[in-house]
Amino acid sequence: MTWTSIFIAGILTYFTRMSMVTLIRKEMISDNLRKILNYVPSVVFPSIIFPGVLLDDFGTLVTISDPKIFGAITALVIGFFTRNVILTIVSGLSSYWIVIFVF
Amino acid sequence: MRSKYEIFKIGIKDVAPHLLSVFPFGIIFGAIGIELGFSPLFTYATSLIIFGGASQIVFLQLLSGGASSLIAIASVGVINSRHFLYGAVLSEYLQKLSLIKKLFISYFIVDQGFAVSNQYFKKNPTGEFNHYHLIGSGIILWFIWQVSTIMGIYLGSIVPEELGLKFAIPLTFIAIIVNELRKLDHVFVMIISGLAATFFYNAPFKTYIIISPLIGLFTAMIINKFKK
């Protein structure tokens, strides 16, 4: 039943969260592996960002003039220079809205 | 040295800007659950029991679309498998904690919390109470996610679809990684992972979410070989 499936999905998700935290000991992580793990944010988040910007709701590529592309570039530039999270998100959203609602 | 409570508050403060996108996303999720025909309790239960934004949407969409429970569960597992990577990174900093504390903290490991707390750990590698940062960032994210889900369930689509607030999710992640753009190797790895994700997006069970990071890590490995 579907209630059972929520619990199984929940346990599975919890397992993805606790397994590495409880199983890995420091000795298991070599210097090389630690270097590679440094890249985790840089590999996971772009895997969410790129499809979120470049694809539409149906999974097809958007055109270069899509408001999401404009918003993402604005956020990247503002974020790069200000290093401010709020400004990054707000500038990205507002430039996206400007393209949608003004043009 | 900072006290537990101080570090807990820093955790909340560091993740606070990301609530800007988590909050509307929660409302959107709650509204989607009801729109798809699920009961308020069932919709909310996914936020409490699964507690993983995108995976909850996919879970409900698949169930309502008539997919088997097995497929819905498998998709949740695949989407959330990125937590294995977060756990591996965090394990080093949480190593000294008792098993009970590890099990408690694990429930709160989510994208934004992992990102900001990992940055804090890197800057303060020796702090004894560092894990309170992760508890702070995790608990506030959890709280806002629960509240916004309930708001979405009962207020419905108070967030107009035309606003396209789903777009806040990639933006919050852009804000997380934008500092790494100062390192050329990271930029390269990001582009490879991102393009791989776009390319494999339509692969079954949302497997792109774990295939592409692995391709990225493999790329990082190769880069590090050549750096020596």
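This is a predicted model: local features need pLDDT of at least 70, side-chain atom pairs count only at pLDDT 80 or more; totals for chains, interfaces and linings use all residues.
**Helix packing between the chains**

Helix α1 of chain A, residues 2–23, packs against α3(B) at an angle of about 20°. The two helices α1(A) and α3(B) are therefore roughly parallel to each other. Their axes are 9 Å apart, and the crossing of α1(A) and α3(B) is right-handed. On the side of α1(A), the residues that meet the partner helix are A:Ile6, A:Phe7 and A:Gly10, while α3(B) brings B:Ala45, B:Thr46 and B:Ile49. Sorted by class, the contact of α1(A) with α3(B) has 4 nonpolar and 2 polar residues, with no charged residues.

**Helix packing within chain B**

A second pair of packed helices belongs to chain B: helix α1 (residues 4–15) and helix α9 (residues 131–155). The angle between α1(B) and α9(B) is about 45°, which makes α1(B) oblique to α9(B). The crossing of α1(B) and α9(B) is right-handed. From α1(B), the contact includes B:Lys4, B:Ile7 and B:Phe8, and from α9(B) it includes B:Tyr132, B:His133 and B:Leu134. The residues of the contact of α1(B) with α9(B) divide into 10 nonpolar, 4 polar and 3 charged.

The table sets out the values for both pairs.

| Helix pair | Angle between axes | Distance between axes |
|---|---|---|
| α1(A) and α3(B) | about 20° | 9 Å |
| α1(B) and α9(B) | about 45° | 7 Å |

**The contact between chains A and B**

Across the whole interface, 75 residues of chain B are in contact with 58 residues of chain A. Helix α6 of chain B, residues 82–94, gives the most to the side of chain B that touches chain A, namely 12 residues. That side of chain B is made up of 45 nonpolar, 26 polar and 4 charged residues.

**Domains**

In chain A, domain 1 covers 1–32 and domain 2 covers 39–103. The centres of domain 1 of chain A and domain 2 of chain A, taken over C-alpha atoms, are separated by 30 Å.

In chain B, domain 1 covers 4–177 and domain 2 covers 183–228. The C-alpha centres of domain 1 of chain B and domain 2 of chain B lie 23 Å apart. Their contact takes 9 residues from domain 1 of chain B and 7 residues from domain 2 of chain B. On the side of domain 1 of chain B that touches domain 2 of chain B, α5 (69–80) and α6 of chain B each supply at least two residues. The largest share of this side, 4 residues, comes from α5(B). By class, the side of domain 1 of chain B that touches domain 2 of chain B has 6 nonpolar, 2 polar and 1 charged residues.

**Two loop residues with positive phi**

A:Arg83 has a positive phi of about 55° although it is not a glycine. A:Arg83 is found in the loop between α4 (67–82) and α5 (85–102) of chain A. With 13 other C-beta atoms within 10 Å, A:Arg83 is partly exposed.

B:Phe51, a residue other than glycine, also has a positive phi, near 50°. B:Phe51 lies in the loop between α3 (40–49) and α4 (53–64) of chain B. Is B:Phe51 buried or exposed? B:Phe51 counts as buried, because it has 24 C-beta neighbours inside 10 Å and a residue is buried if 20 or more other C-beta atoms lie within 10 Å of its own.

Notes. Residues are numbered from 1 along each chain as its sequence is written. Chains are lettered from A and ligands numbered from 1 in the order in which they are written. Two residues are in contact if their C-beta atoms, placed from the backbone, lie within 7 Å. Ala, Val, Leu, Ile, Met, Phe, Trp, Tyr, Cys and Pro count as nonpolar, Asp, Glu, Lys and Arg as charged, and the others, Gly among them, as polar. Domain bounds come from an automatic or database domain assignment. Axes are lines fitted to C-alpha atoms, for helices over the stretch in contact, and angles run from 0 to 180 degrees between N-to-C directions. Angles under 35 degrees count as roughly parallel, over 145 as roughly antiparallel, 65 to 115 as roughly perpendicular and the rest as oblique. A crossing is left-handed if the near helix is turned anticlockwise from the far one by less than a right angle, and right-handed if clockwise. A residue is buried if 20 or more other C-beta atoms lie within 10 Å of its own, exposed if 12 or fewer, and partly exposed in between; C-beta atoms are placed from the backbone.
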